[in-house]
Structures are given as C-alpha cells and as structure tokens.
Amino acid sequence: MHMADALISPVVGGAMWAATAGVAAYSIKKVQTEMDEKKIPLMGVMGAFIFASQMINFTIPATGSSGHIGGGLILAILLGPYAGFLTIASVLAIQALFFADGGLLAYGCNVFNMGFFSCFIAYPLIYKVLMKKEYSTTRIFLASVLTAVIGLQLGAFGVVLETLFSGKTELPFGTFVLLMQPIHLAIGVVEGLVTAAIATYIWNARPEIMEKASSGETIGNISIKKVVAGLVAAAVVTGAGLSWFASSNPDGLEWAMIKTAGTAELEATGGLHQQLSDLQSKTAFLPDYSFKASEEEPEPSGGEGEEAWPAVDGGTSTSGLVGGSLTLILAALVGGGISLMKRRKYRINS
Amino acid sequence: MSHHKLEAKNLHFNYPDGHNAVKGMSFSIHHGESVGIIGANGAGKSTLLMLLMGVLFPNQGEVCVGDVQVTKKTLPMIRQRLGMVFQDPDDQLFMNTVYDDVAFGPRNYKLNEKEVEKRVLNALEVVGILHLKDRAPFKLSGGEKRAAAIASVLSMQPDILVMDEPTAALDPKSRRRVMELLRSFKHTKIVTSHDLDMIYEMCDRTIVIKNGEIAADGVTSEILVNAELMDACGLEVPLALQNCPVCGSKK
Amino acid sequence: MANIADSIYNMRLLDDLARQETLIHKLHPLVKLLTTVSYLTVVVSFGRYEVAGLLPLFFYPVMVLALAELPLKPILLRILLVSPFIIGIGILNPVFDQQTFELAGKEFSRGWVTFLSILLKSGLTVTAALLLIATTGMDRLAGALRILKVPRIFVLQLLLTYRYISVLMEEVARTLRAYSLRAPKQKGVHRSAWGSLAGQLLLRTFDRAQRIYEAMCLRGFAGEYHSGEINKISGWDWAYLGGWVAFFVLARMYNIPLLIGSLLTGVIR
C-alpha cells in the first residue's frame, strides 16, 4: 500500500511530511533520552531484516497462496513504538530511493500510513493492553492478529483519504473504500498470524528480548496524551494547508466533503491553477491560443471547483499534440546529443 | 615499555544463564609478544577476548592494560590501545564506504578531519587496499574485507592487536597475504584461531584453553607438537607437523 | 521486490552508478536533493487534465541521464515495474469520468487523459528519485541529510539499514535454499515453520546487532555519530539548482508545448 508521488498533490504530500517529521522528531528524542545507544545498531540491522524477511513467502493454509509480511508490527513488538517507528521510516526511505516503492513526496504519507498507525495507535491501544496481564501463546496470537488488522485498516483508510484529497483519480470514495479495506483485512490477518508465530518463537527462545522491549517503554497516560496532541497538531497542519488552497476557492473544503460523498469533483491546485491560468490568458499572444475555452466550463472562481479543462476545441488540441511531440523530440535530441558527444570525447581520449 | 603489557589476574566469568565460561585464568603478555590462544569450540576463547576488551567484565579478578585496570571508567582510554579485529568482517565494516569505516574510530576520538584522513590513508596503505577506499564493503572479496577490517583497527593506532580467527574463511593465497601482513606488524599480537598451522608460523607463544581453564601456556613450538596435550584439549598437531600423507615420513 | 538476486543486483547497480565521476555526480548532494524535490513538487502540482504541460519536464531526466552517463535500460525497466497500485487506481479513471472530448475527429473519454497524466507523472517522479540516488549514492545523500539537520541517530540508523540489507538478504537466501532443498514442491514456507524459520533469522539478527554494537564501542562509539566534512556548496552548484528551478517554474507557468504548437500551426495557416 505504498502511495506513489503520482497520486498525491503537493499540499497533501507536504502536510503528511510535516506530520511525519513531527512524530519522528518526538521519537528520536524518546530514543535518545530513554534508551541506551545499544538500540541504534539494533534498529539499523532490524530495518535490514525487514527487507530480507520480505523475501520469505509464507504459505497461507487452505488457500494455496502465499504472502509476505510488512514488518511494522514485529518492529513495534521487538523495539517498542519509538524505535519501531524510526526503523520503519528508514526502511521506507530506502524503498522509495532504490526500489521506487512509494515516492519522495509521498514519503510522509507512507511513513504515516505504515508506521504511525501500527506503532502509535494499534500497538499501544491494542497489543499493549491485551498483553499487559500475561504472556501466553494464545494471547500473543490474539493480540498480534487484532493489532495487525486494525493497524492495516487504519493505514489503508489513510491511503484512501490521502488519494482523494489529492484529487488525481476519479475513484468515488465508496468504491475506493470497498476496494481497499477488504484487501487489507486479508493482508492484516496474514501479517498478524506470521507476526504471532515469530513473536511466540522469540518469546520461547529468548524471553528477555520481548521483556526488554516492553519494559521501560510503557506508553503511560502522558505519552498517549502527547500522541493525541501530535495528532491534533497534524490535523491542524493538514487543515491549515487545505484551507490555504481553498482560500481562493471558497467552496473548496465543502466541496471536498461532497466529493467524498461521491457527487462532486476534487480540484487539487485550485487557487494556484486559477492564478496561473489568469496569468496565462493575460500573456497569451497567439490568436489560436485558446485557454479561454475554459469559459465554456463553469468559471473556477464560480466555486464549482471543476478543474479547468485546458484544451477543448480541436484547434488547441492539435497545437498541443504538435507542440508536445516537438518538445519530446527536442528532449530526446538533446539527451542523445550529449551522450554522443561524451562518447566521442572518450574515443578521442582513449 | 610497561604500558604495553596486558595482564589477566585470576579471571572468572559466569553468563547470566549460569554457564561458567571462564574459571580462574591468569597470564601476562609483554610488549611485542605474539600469542596464540587455542582451544576446542566452546572452550572459552571468545569469552576471554571479550573480557580482555572490556566488552564483558569479570565476576572476579581483573584485566590490566599497562598499569590501568579495565573498568567502565577507563574503557575509552583502554580501547585506544587495544584494537580488535572481529571474526566476521561484516560485523566490523558497518559503514557504506571503506574510507568511512576506517575513519569511524578516529572520528569518534574527535580528531580533526585532516588527521583523520592522514590516518585512514596510512592504514589503508599498510594493508594494501588504498585503491578500494571509496568502495562499498559488500563489493569487496573476503580477503579485501579482512584487510579493510584490519585497517579499521590500525587507524586507531593501537599498541596491542587482538584478532579473532583472522584467517577464517579465506582462500589459501588470501590467508597467506593476511599472515604476511600480520607478521609485518610490530604490535603486541593476540590471536585466537583453529588454524593451528597459522599459529605455529606466527606466534612465539601459545595458550591452550580447555573448559574455561588454561591447560597449557608456553613456547608454541613445544606445545603444538605435544600430541597428547592437543588431543586432550580437542585439538590436533598442526598439519605441517604431521606425517607426510603420501610417504608416511615425518617432516 | 520479488526476487532476492534481483534486489541485491539492483542495489549494487545503483551503488556502482553513483560512484562514477561525471559533471552531475560531482555536484553537491544537497543541491541534487533540493533540485529533485522541487522537480517532484512541480510535476505533482499539475492538474489532472494537463498532459501537454508536463512534457517539457522530460528535459530534466533526459539531461541528467545523458550528462551523468547513466544507462537507459535499467532505469526504464524500473519505471515499467512501477507499482501496479498506480495503474490499478488510474485505470478506473476512464470508467468513472465519462465526459468526452474530441481529438483529431474522434471522441475520447476524459478519463483517459487523467490516466495518461497519472502515468506520465509516475514515470517522471520514479525516474527523478532513481536519478537522485544513482548520481549521489547513499553515503553522500546521508551527508546532505546531516546538512539539513536531520538528527544523527536517524542518519546513522538509515546507513546501517542500507549497509546490512545485502548481508541479511544473503542470509535469508541461504536459509530459504536450505529449506527448499529439503521441502520440494512447496511454494512457500509451511505454517509449521513460520515461527522458527523467521524467528531464527531474527535471533541471528539480534546477535549480529550485538556484535556490531561491540565493534562500534571498541572503536570509541558513545552514542554520537561523526560524519566527515562535506564540501561547501560552490557557485556552480547554486547555478545548477537555480537554473533548473527557474526552468521548472517556467514550465509550470506556461504551457510550452502549446505555445510551440500554436506558433507552428499558426504559421502553417
């Protein structure tokens, strides 16, 4: 459920980046003050372990298929929420950079969806509570499956919201939710079962590892309060961002709500876009340049929120096609030219 | 040069699970000595090294480097003098370039970047892998990794080098190169290994460990030929000293 | 990330590429990071219906690819492998957006335009991220993060994760090989071995972390990580950043292909 750059708008990406950076900064402070520095190499190597363990295909009984784990929950269980969150963050950074799994702008969304919900919501509120009394195999199984399922459901819902607020797809809210949530229910059950199997094994073989992870890291009332405060702050940041872009489009937020109900459409860069299109139409110097064709649509400032459809009449479309092809050819020529020159230089040198 | 002396006085160590790994070891190693520590699997070699390095602390007895006892307080100073090369170079080379790895120690001692560079280049030159300085550790061969691991310790300019299985998992040529390299060092050397031929060639003195105790401590050429002692300690006379497998004659 | 060998190969390839010494590679890592981020922001800021306006942004990856002497094939391959998630979500656009428009005398659903827009953006953003790492490398990128005041702990931990991926992947590969050799005809790991197989690997990982920690301590590690000095940002670096940002902004403000096209078709008429 990696979000890709192509699916988000800068505002959503930025807001989620801010929220993630806040949670990460808090976690780093916690790791620094509460834990011994021994945890740093452990976090590093555990991150690598998550990569490696994603290569293991676990056969799912009675289905004939197999799946792998995401690893968020096992990290929270073995490292505690703060170190677990940071470890997931670095795993996602490397996935974004090297494997194109999730993008750099969407990085905040991804860390939030996959790290925050499992480490700071599902883990303390479900796993910790269920495991408070005693450790037993049944309890570990129950707690793991529940925590994984809820963590992933929240994460999947995060994906839905972020995508819809970005407005790059036409998927209605209901359809999207119906698509995402059941898939992640299945994924969550598998994640929970495998995590439980691993946790049980560790608990039997080296109980001190699990005890160490849970001790000294009690998410007491204070921490929960801080987490909630962080959430509120994130919500404020997000809201501020949304209202900023909605400010030149008064009905923006309201219309985003309608959109989620499946009736209206979302405009991602309303204000900016409108200003730019104004600028464009003012500076238009070609008779054929028909940006104003968008007048046939309801004016963006009219509050409808329908994104300007830039090229409606045939003439502009043809101009677009010709110009577009030319641009691409030009780009290819420049690139090819540079490569050719470089190669020649090598030949001369050698 | 008394400060190069390494002394273990009546060391005892129990693991938390109750396993009594070291039972009363005493020895002292002088400047410039080259000492092999040998013993069967589980005899207590690794635990002993950890105690010498101050990674573990003895339940009883003490380790002294020079005239300083190894305690939590003196560790930073002790560790500048003692350099340890791990058995698996992958554990020791944790940075993403050879240069950064070799620079890790000096940078921790807050040397300025110019001095760090001087030390790094010098250490890499000594082990002969200067050309690999910008490589990532995972791109190195086994022998190159070992050389890099040794350089990462040399850059700290230790007086005493401690090595855990320096020739493990090396091909014969790489093994020979590492041995030549180690022989060229003037440092005090402590080497644990199952490669008894290497110990025979490299170390003047050998300590044999059996079940957490010192079974023998003396001149290598006398200890390693003692078939009875070696057998009793789960070891064997080095191949180079055994009968020729073809003609049966003694070497 | 289906295959262990592929993943390791991919990481090594990017690492190799990053160790070249071209014009682009020599640029300051922070400048490259900032350029990439501004590029991504501009690409992503385009609305759903804009396709032509995105095209000038092809210049950036093309120029960097050529100047950095990177091979085209592995990068293109990566883009093709792009997460099915994008296509899965995007392909529904034509279904949900039934409004039509005319092009060259034919009617198309607007959904196809938004789908195309998503695909283009996906290709451009994925390429930009790969180009960043392929011309900078993880260690220098970490240096850039340090300049941006990202805490040491996080940077060190990120570097450690990167460093040990190949070590642990090989370990997992060996374990899986040993498993499959004794369990033919099984597609994955059987339920009875879930806990023990992954758990053993995990315990070994813990032990390795312990040894690494010892190795760090023995060389004076005390919770602080000291990176080396990074060169100052030169005038040329600033010029590179400024030049590209100016171009991105220009491309965002003016629909360049449309202008060119209009000019051309206008002249013909």
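Begin by selecting Ala169(B), which counts as exposed because its relative accessibility is 81%, where exposed means over 50% relative accessible area, buried under 20% and partly exposed in between (1.4 Å probe, protein chains only). This is a predicted model, in which local features need pLDDT of at least 70 and side-chain atom pairs count only at pLDDT 80 or more, while totals for chains, interfaces and linings use all residues. Residues are numbered from 1 along each chain as its sequence is written, chains are lettered from A and ligands numbered from 1 in the order in which they are written, and side-chain values use heavy atoms, with hydrogens and water left out.

Stay with Ala169(B): although not a glycine, Ala169(B) has a positive phi of about 60 degrees, and its place is the loop between strand E7 (160-164) and helix H7 (172-184) of chain B. Helices (H or I, at least four residues) and strands (E, at least two) are DSSP runs, numbered from the N terminus. Most residues other than glycine have a negative phi. Select next Asn211(B), in the loop between strand E9 (205-210) and strand E10 (213-219) of chain B; Asn211(B) is also not a glycine and has a positive phi, of about 50 degrees.

Now move to chain C and colour helix H3 (residues 59-67), which is largely enclosed by the rest of the structure because seven of its nine residues are buried. Among the buried residues of H3(C) are Phe59(C), Tyr60(C) and Leu67(C). Just after H3(C), Glu69(C) takes a positive phi of about 55 degrees.

UniProt, in an unreviewed entry, places the feature "transmembrane region" at residues 51-68, 75-92, 112-135 and 244-268 of chain C; such annotations may be inferred rather than shown by experiment. Residues 51-68 of chain C are 50% helix and 0% strand, with end C-alpha atoms 27 Å apart, whereas residues 112-135 of chain C are 100% helix and 0% strand, with end C-alpha atoms 34 Å apart.

Finally, show chains C and A together: 106 residues of chain C are in contact with 106 residues of chain A, contact meaning heavy atoms within 4.5 Å. The count of salt bridges between chain C and chain A is one, a salt bridge being a side-chain nitrogen of Lys or Arg within 4 Å of a carboxyl oxygen of Asp or Glu. Select Arg206(A) and Asp207(C) to see this pair, whose closest N and O atoms are 3.0 Å apart. Then select helix H10 (residues 191-218) of chain C, which, with 19 residues, gives the most to the side of chain C that touches chain A.
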